[in-house]
Amino acid sequence: MTENTLTGRHAIITGAASGIGAATATRLAGAGARLTVADINQEKLESFAEQLRGTGAEVESWPIDLSDTAALAGLSLDADILVNNAGIQHVAPLHEFPVEKWQLIQQLMLTAPFLLIRAVLPAMYDRGWGRIVNISSAHGLRASEFKGAYVSAKHGLEGLSKVTALEGAPHGVTSVCINPGYVRTPIIEAQLKDQARTHGIPESEVLEKILLAKQPLKRLAEASEIAEAVAFACSDAATSMTGSNIVLDGGWTAG
């Protein structure tokens with residue numbers, strides 16, 4: 001995807017202060033998009049937004065707790081691109097899974113994307129062009145033990161993305177899911193401790209024995225690789241792939 005191919009387009013990216021969100025924001029800014037970067041961590045978000053502005057990008061920061069879905073219900077947003085990326089993880093057996101953690105993950109990772117899609121579609125329909133890019137996961141296609149809330153939310157996001165694609169097609173709006181395997185991000189660093197505790201093994205063994213056990217390619221993907229897939233999904237070349245997936249999981253779901 002060449003430079004300036006998204007000039008004149010406005011992209012909203014959630015969970016944008018770090019990891020995949022930050023890499024995506026950087027990539028889309030490089031393609032000429034005007035950005036609204038959203039995150040709950042206001043200090044980190046403002047620092048990142050200033051960093052992007054220093055490159056000449058037009059960036060607005062949007063500090064927001066996306067799990068507060070009541071605050072999102074009445075939103076109307078004018079954007080050409082929406083990247084639903086914000087997410088968290090909690091690892092526990094189902095019979096011990098905290099109800100409040102289940103509810104938080106569903107609100108943040110399924111209800112909030114629904115409400116944001118709902119908020120951006122009218123303006124996209126009016127323009128006859130739009131891109132909804134949902135950062136799903138290999139866990140949107142496969143399940144793993146001890147991740148009931150995350151797996152359920154990602155499976156729900158897959159269905160939401162497909163319905164969005166069907167409804168958006170007559171209006172020039174596409175919707176796809178990006179499905180990474182394990183990516184070198186802060187959420188993975190946090191998982192190392194949780195998985196070590198749950199499985200009763202040292203943190204040093206978690207990556208090989210647990211996280212990458214089902215993945216033939218024994219490496220973490222980089223956030224920049226996922227950002228490239230998002231950029232492609234936003235391009236005109238990706239128009240016909242609506243309702244589908246871009247899978248970057250190191251072969252995990254091939255088996």
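I began with helices α4 (99–127) and α5 (148–168), each of which supplies at least two residues to the lining of the largest cavity. Helices here are DSSP runs (H or I, at least four residues), numbered from the N terminus. I noted that this is a predicted model, in which local features need pLDDT of at least 70 and side-chain atom pairs count only at pLDDT 80 or more, while totals for chains, interfaces and linings use all residues. Residues are numbered from 1 along each chain as its sequence is written, and side-chain values use heavy atoms, without hydrogens and water.

I searched the whole structure and found one cavity of 30 Å³ or more. A cavity is a set of points on a 1 Å grid over the protein atoms alone where a 1.4 Å probe fits but cannot get out, and lining residues have an atom within 4 Å of a point. I put the volume, the space filled by probe spheres set on the points, at about 70 Å³ for the largest cavity. Of its 13 lining residues, I listed Asn 84, Asn 85, Ala 86, Leu 108 and Pro 113 as the closest to the centre. α4 gives the most to this lining, five residues.

I then looked at the packing of α4 and α5: the angle is about 15° and the axes are 8 Å apart. I took axes as lines fitted to C-alpha atoms over the stretch in contact, with angles from 0 to 180 degrees between N-to-C directions. That makes α4 roughly parallel to α5 (angles under 35 degrees).

I checked the contact (heavy atoms within 4.5 Å): Pro 113 of α4 and Leu 157 of α5 are among its residues.

Methods: 1 Å grid on protein atoms, 1.4 Å probe; cavity = no way out; pocket = protein on both sides within 12 Å on 5 of 7 lines; lining within 4 Å. Parallel < 35°, antiparallel > 145°, perpendicular 65-115°, else oblique.
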